[in-house]
Amino acid sequence: MQLLDGKSLSQTIKEELKTEVDAIRQAAGKIPHLAAVLVGDDPASQVYVRNKVRSCEEVGFRSSLIRRPATISQEELLEVVETLNDDPDVDGFIVQLPLPAHLDEDAINLAISPQKDVDGFTPVNIGRMTLGLEAYLPATPNGIMVLLERYGIETSGKEVVVLGRSNIVGTPMTILLSRKRQPGNATVTLCHSRTRDLAAHCRRADILIAAIGIPEMVTADMVKEGAVIIDVGINRVDDSSRKRGYRLAGDVDFESVKAKASAITPVPGGVGPMTIVSLMMNTLKASQAK
Ligand code: NAD
């Protein structure tokens, strides 16, 4: 069994990005600048945003963290987005999800300029990706594509089963993996909450990608011998033996599934760090697009 070590691979890619940023600095070019908008104080969102900002610093990007209280109005948040759209110094920005319930996530997403949409969530980038045109690809699915590519995992002709149909992970994952390019060329099945006999679909998968948000739902009996397992889930599970009172668990029961898998991502340290480097790759691209 091979551990698909996203943490270590992300370090390698960060070194590569750092080399590029050093060259840009030497040539007195534009240093990539990522801004992140964090609304409220959801603990998991704070961790994700902190990791993104820290990663920017590690590779020599500029970063700005824009914090707003959970009570911010829709209009005020739209103003923040417009300001970032218009700021020539900011190459790309993200609005960390989820937003508090009174805010309209779709309306905020639609307000983000596609040229600065380094999360790859806006209709223009999703549409361009679907047509196979140059685009800012959604960070998590693209991070998984990079992971598959760098670990030399063949996807062509393979049966891929994706669990979860979110706009930010499951759905774009199916598009990227079914495209006529490498990695890609896979036969993809998208499963979701209404899928009948999920386990039977899972057992057909050469590559199983779980993005559901239910801790350890995928168990060994649902996995084909030798399958490649990509676990996107990040779930907090109560654990009084831990100082912080919880542990992080994926959507896959790692301990039982690893015995059957030919390769598997851990949680944490698998897909999460790849999402961050993917975001940074998009930001570098945005800074060079002008
Ligand atoms: P989401 O919460 O928006 O949607 C969950 C999806 O799972 C839905 O499409 C639903 O149809 C499906 N689903 C729910 N119950 C199901 C069931 N019993 N059987 C089959 N399908 C079912 O999903 P999301 O935002 O893509 O997040 C999924 C998980 O991935 C979460 O744990 C999230 O924290 C994690 N995540 C991780 C990263 C990362 O960088 N590693 C990035 C984004 C999300």
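Helix α10 (residues 271–288) contributes three residues to the shell around the ligand, the most of any element. Helices (H or I, at least four residues) and strands (E, at least two) are DSSP runs, numbered from the N terminus. This is a predicted model, in which local features need pLDDT of at least 70, side-chain atom pairs count only at pLDDT 80 or more, and totals for chains, interfaces and linings use all residues. Residues are numbered from 1 along each chain as its sequence is written.

The ligand is surrounded by 24 residues, of which the closest are Gly164, Ser166, His192, Gly213 and Thr275; a residue counts as near if its C-beta atom, placed from the backbone, lies within 6 Å of the molecule. By class, this shell comprises 11 nonpolar, 12 polar and one charged residues. Here Ala, Val, Leu, Ile, Met, Phe, Trp, Tyr, Cys and Pro count as nonpolar, Asp, Glu, Lys and Arg as charged, and the others, Gly among them, as polar.

The domain assignment gives domain 1 (27–113) and domain 2 (139–271), with bounds that come from an automatic or database assignment. The C-alpha centres of domain 1 and domain 2 lie 27 Å apart. The table describes the two annotated ranges.

| Range | Helix | Strand | Distance between end C-alpha atoms |
|---|---|---|---|
| Residues 4–119 | 50% helix | 16% strand | 23 Å |
| Residues 138–288 | 32% helix | 19% strand | 18 Å |

The axes of helix α1 (residues 6–26) and helix α2 (residues 43–59) come within 8 Å and cross at roughly 55°. Axes are lines fitted to C-alpha atoms, for helices over the stretch in contact, and angles run from 0 to 180 degrees between N-to-C directions. Helices α1 and α2 are therefore oblique to each other, given that angles under 35 degrees count as roughly parallel, over 145 as roughly antiparallel, 65 to 115 as roughly perpendicular and the rest as oblique. Lys14, Leu17, Lys18 and Val21 in α1 meet Ser55, Glu58 and Val59 in α2, contact requiring C-beta atoms, placed from the backbone, within 7 Å. The residues of this contact divide into three nonpolar, one polar and three charged.

A cis peptide bond joins leucine 97 and proline 98, with omega about 0°; proline 98 lies in the loop between β4 (92–95) and α4 (105–111).

Technical notes:
Contact = placed C-beta atoms within 7 Å.
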